[in-house]
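Notebook open, structure on screen.

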Amino acid sequence: MPYAITNRCIQCDNCLPQCPQGAIKLMEGEYWIDQILCNDCQGYTVPQCVVSCPVNSPVPYQAKKGRCKADVRTTPSSKLFPDGKSHPFASSIIIWELCNVLAQRQSLLWEIDAAGELYYQRQINGGKGAIAFRITDTVNSDLPVALKGAEALSAIKTFDIRSACMHLIYAAHVTNLDQPWAEEFIINDKQIEEYLGLDKRKDWSKSTKLALIKELAQQPCQLLASIHLPQQRKIKEISLENSRLWHLLETQHHFQEDELGCKHLVGLTFKIKAGEWAQYFLNRQGCKERTAFYQYGTLPKAVLSAVMSIWQQHEGAARMMLWLLFKTKMGREQRVTIPTLMKVAYGEGKLNQVSLQPEHRQRLLRIFESDLEVLNHHGLKPVFDPVTYPTEIQPLWTKLVDIPEDAEAALEFWIDDASNGNRLTDAAPRGKWNRLMNARILDFEMPPEWKKQLTKSKKKQRTSKRKTKLKPQIALSTEYILEARKKLGLSQRDLAQLTGKSQSWIRDIENGRFQAKLEDVMLLRKALGIS
């Protein structure tokens, strides 16, 4: 049980250096014990603050009862989600990758550099650039120091996937600022409770919610990013080294005293500022001048509530949902292979390990199919490739959708199913794992609030002031593409390199599995020399 300091405190400073957790704080000239840090001095026979206090001021902490009084607080920035459904948010590659780091944590392939610092790195922009992340134990410092070895690993293990939701909230707030790299925004616990759905948790005390909110607010600020991108037309080379994505400039604690004089934390206010990345990736004026990027997407409020509700029992589904949020932001086809989804959900290391241990494959398959069902329940409905992901290896829940609700109709359904050669209750075919490793999901049907925003953005593009007259183009048939490629003596791989697409995309176009968009048709015409 944590301890609290009563009004008997004479401020002798004896307890301050004795606390092994550093939980005793000096707030506005008075001492207070942070309930998040206090662990009742585990490993000691008696709490050290009790031993060192000459007036017996520390007492066991008792949760505050009754309502919290309203007090004067710093006015927060305007609320997000004015329509109650969605809000723009910064969605550049650096924001996406930080979301992945907070969601996947130790599942990623972390490495140690020559200085002993732990880092995670991946290639971006077709291998022309790179982005790396390191961990620091401070949330706001002009010269942050990256943690090393075991200390960094311990910090990563304490990260909570729910902090990725807080990161998205920050990314939504900065889109309300004209110059996010120079301005700051203020957010309080009441707003965060609403965004994350914590206000509906009536089984939690106020102190429990505040402890979680404070922890989640700090974690996105503990990561340092290094990003290197080559020059792209007018946009100069981007090079950031160990730069914070979020600065936690100030944390205000709001207290209320009980009859014993114990201070109870009843509110928090955070002052946040975006890092240097915003000047390169969220620069509205620079984007108009074509000297910087302004990359944003749509953050549905339903994503935050869904992750907060499923993170504990379906962490893999929560990871895939956060990943798909960025992948679907531009409204393109979300063609993805099953191994890619599994790496996102469970980590590359675990997937490689299970691939070498056939006895564990069945369990991972059940978890994966259950996570897909959770995504489907929350509106992200997978569309299976009929060629690589046929009905016989699809999850059972996809087949149960066709069962009628009426009892008599359901009975007839099962009678008919029993007379078929392949029944729903049949065991999965042999070699299902190997077939899944080559299977693909063609698309994820998005929830209505996602589709609505994407439709709006497409309408804006069509009604923009810049109008370009395109010459009427004749649609390219699959046979015409195949014939033109062979006349030029090009392989599918050669054509893929010329168009900047994947070989599997070219193969699917030639097989007629889907039609190319207008911009892709223009790429194909240019590569094949068709006027």
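I count a disulfide when two cysteine sulfur atoms lie within 2.5 Å. I'm working on a predicted model here, and by that rule I get zero disulfides.

**Cysteines**

I checked Cys-12, which is in no disulfide; its nearest cysteine sulfur belongs to Cys-53, 5.9 Å away. With 32% relative accessibility, I put Cys-12 down as partly exposed. Next I looked up Cys-99. Its closest cysteine sulfur sits in Cys-165 at 7.8 Å, which is too far for a bond. I have Cys-99 down as buried because its relative accessibility is 0%.

**The chain as a whole**

I stepped back for the overall numbers. The chain has 531 residues, and 46% of them count as buried. I find 21 helices and 17 strands. Along the principal axes, the C-alpha atoms fill a box of roughly 90 × 65 × 50 Å. For the accessible surface I get about 28,500 Å², with 49% of that belonging to carbon and sulfur atoms. I also looked at contacts with a separation of 6 or more: residues 24 or more positions apart account for 70% of them.

**Aromatic pairs**

How many aromatic pairs does a search of the whole structure find? I got twelve. I noted Trp-32 with Phe-255: the ring centres are 4.8 Å apart and the planes meet at 70°, so I call this pair edge-to-face. Trp-32 belongs to strand E3 (residues 30-33) and Phe-255 to strand E12 (residues 246-257), so the pair ties together parts 223 residues apart in sequence. I checked burial too: Trp-32 and Phe-255 are both buried.

Then I went to Phe-81 and Tyr-195, another edge-to-face pair, at 5.7 Å centre to centre and 70° between the planes. I traced where the two sit: Phe-81 is in the loop between strand E4 (58-60) and strand E5 (86-90), while Tyr-195 is in helix H5 (residues 189-196), so this pair links distant parts of the chain, 114 residues apart. Buried or exposed, this Phe-81? I have Phe-81 as buried because its relative accessible area is 6%. Tyr-195 is buried as well, at 1%.

I also wrote down one aromatic cluster, formed by Phe-89, Trp-96, Trp-323 and Phe-326.

**Helix H20**

Which residues of helix H20 (residues 503-511) are buried? I listed Trp-505, Ile-506, Asp-508, Ile-509 and Glu-510. I then looked for what covers the buried residues of H20, and the cover includes strand E17 (440-445). Helices on that list include H18 (478-487), H19 (492-499) and H21 (518-528). After H20 comes Gly-512, where I read a positive phi, near 75°.

**A surface patch**

I found a nonpolar surface patch of about 250 Å², made by Leu-396, Leu-400 and Trp-414. Leu-400 is found in helix H14, which covers residues 396-400. What is the relative accessible area of Leu-400? I got 34%, so Leu-400 goes down as partly exposed.

Technical notes:
Residues are numbered from 1 along each chain as its sequence is written. This is a predicted model: local features need pLDDT of at least 70, side-chain atom pairs count only at pLDDT 80 or more; totals for chains, interfaces and linings use all residues. Side-chain values use heavy atoms; hydrogens and water are left out. Patches are made of residues with over 30% relative accessible area and no salt bridge: like charges are joined within 9 Å, nonpolar side chains (Val, Leu, Ile, Met, Phe, Trp, Tyr) within 5 Å. Accessible areas come from the Shrake-Rupley method with a 1.4 Å probe; for residues, only the protein chains shown count as cover. A salt bridge is a side-chain nitrogen of Lys or Arg within 4 Å of a carboxyl oxygen of Asp or Glu. Helices (H or I, at least four residues) and strands (E, at least two) are DSSP runs, numbered from the N terminus. Buried means under 20% relative accessible area, exposed over 50%, partly exposed in between (1.4 Å probe, protein chains only). Contact means heavy atoms within 4.5 Å. Rings of Phe, Tyr and Trp (its six-membered ring) pair if their centres lie within 6.5 Å; planes under 30 degrees apart count as stacked, over 60 as edge-to-face and the rest as tilted.
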